Amino acid sequence: MRKSHPVRRVVLATAATVSGVVLLLSLKPSSDPASAQAGGTIPQQTAAAQESAQGGTGAAAGGAVTGDVVQTQYGPVQVRITVSGNKITKAEAVQAPKGGESDAKTALSIPKLTQDTLAKQTSQVDTVSGATYTSEGYKKALQSAIDKANEAASQAQPSAQPSQTAGGNAGAAAKTVTGAVSQTQYGPVQVRITVSGGKITNAEAVQAPKGGTSDQKTALSIPKLNQEAVAAGSADIDSVSGATYTSEGYKKSLQSALDQAGG
């Protein structure tokens with residue numbers, strides 16, 4: 001019988017050992033989370049898991065507030081603002097007059113009104129020439145959104161000291177008061193003011209004469225009267241030339257609102 005060569009036996013033994021090691025390695029799991037974490041490599045999260053960890057989009061935390069719908073002669077206007085750090089960081093009209101000439105007027109006025117809102121941080125924005133009704137509706141809708149933002153801020157921090165909030169009002173110290181209706185020869189006038197720190201921070205006419213030539217006189221006088229009321233801090237303001245009856249009615253209703261607010 002032929003004898004095996006010693007060198008051949010050594011080669012065969014080595015090959016068997018290597019085959020056994022390869023077999024053991026092939027039986028080990030392809031991934032081991034525990035060992036991977038221990039080695040400093042964390043398994044990658046799925047997209048769903050990452051979104052859950054981040055808490056979603058967080059849109060509600062951005063402070064978005066939508067004001068009431070204001071009806072104008074040409075259609076509804078509604079404004080939504082985003083408040084961050086007690087400042088209005090975004091303003092947009094979610095509703096605006098549309099159809100026919102209203103499309104052109106809306107396209108002309110809304111971008112200017114939203115830009116003016118961010119610049120002035122109040123509803124006392126300039127009326128856009130050629131879009132008076134849309135502008136007045138926007139300002140009322142904007143004030144509604146500001147009021148809601150201030151109310152939410154005061155409810156969120158009931159024990160905090162009064163602080164400056166959106167639209168120039170001072171947190172829980174701000175007070176919005178509507179004066180009595182003043183009847184004039186051309187229709188009723190009613191004024192609403194917001195008072196903060198003993199000052200009028202906002203004034204607006206919630207009712208004013210309308211129809212026929214009254215529309216023009218109201219559009220001419222009310223913005224000026226609102227501005228004067230804030231500047232003067234009282235009802236001792238100048239009447240607007242060409243709109244005497246509206247001016248006098250405005251001042252009476254303004255005084256009524258001031259009396260309710262405590263002077």
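How many residues lie between β3 and β4 in their hairpin, and which residue in the turn has a positive phi? I looked this up first in the model, which is predicted. Two residues lie between the strands, and Gly85 in the turn has a positive phi of about 60°.

**Entry on strand β3**

I then followed the pairing of β3 with β4, which covers residues 87-95. The two strands run antiparallel and are joined by seven bridges. Within this pairing I found Thr82 opposite Lys90 of β4.

I next examined β2, residues 70-72, which is antiparallel to β3 and is held to that strand by three bridges. A hairpin of two residues connects β2 to β3, and Thr72 faces Gly75 of β3.

I also checked β1, residues 64-66, and noted three bridges to β3, again in the antiparallel sense. Val65 has Ile81 of β3 as its bridge partner.

Why is β3 described as largely enclosed by the rest of the structure? I recorded that seven of its ten residues, in the range 75-84, are buried, and therefore the strand is largely enclosed.

**Entry on helix α7**

I listed its buried residues, among them Thr246, Tyr250, Lys251, Leu254 and Leu258. The elements covering the buried residues of α7 include β5 (175-178), β6 (182-184), β7 (187-196), β8 (199-207) and α6 (213-232).

Definitions and conventions
Residues are numbered from 1 along each chain as its sequence is written. This is a predicted model: local features need pLDDT of at least 70, side-chain atom pairs count only at pLDDT 80 or more; totals for chains, interfaces and linings use all residues. Side-chain values use heavy atoms; hydrogens and water are left out. Buried means under 20% relative accessible area, exposed over 50%, partly exposed in between (1.4 Å probe, protein chains only). Helices (H or I, at least four residues) and strands (E, at least two) are DSSP runs, numbered from the N terminus. Two strands pair if DSSP finds at least two bridges between them. Contact means heavy atoms within 4.5 Å.
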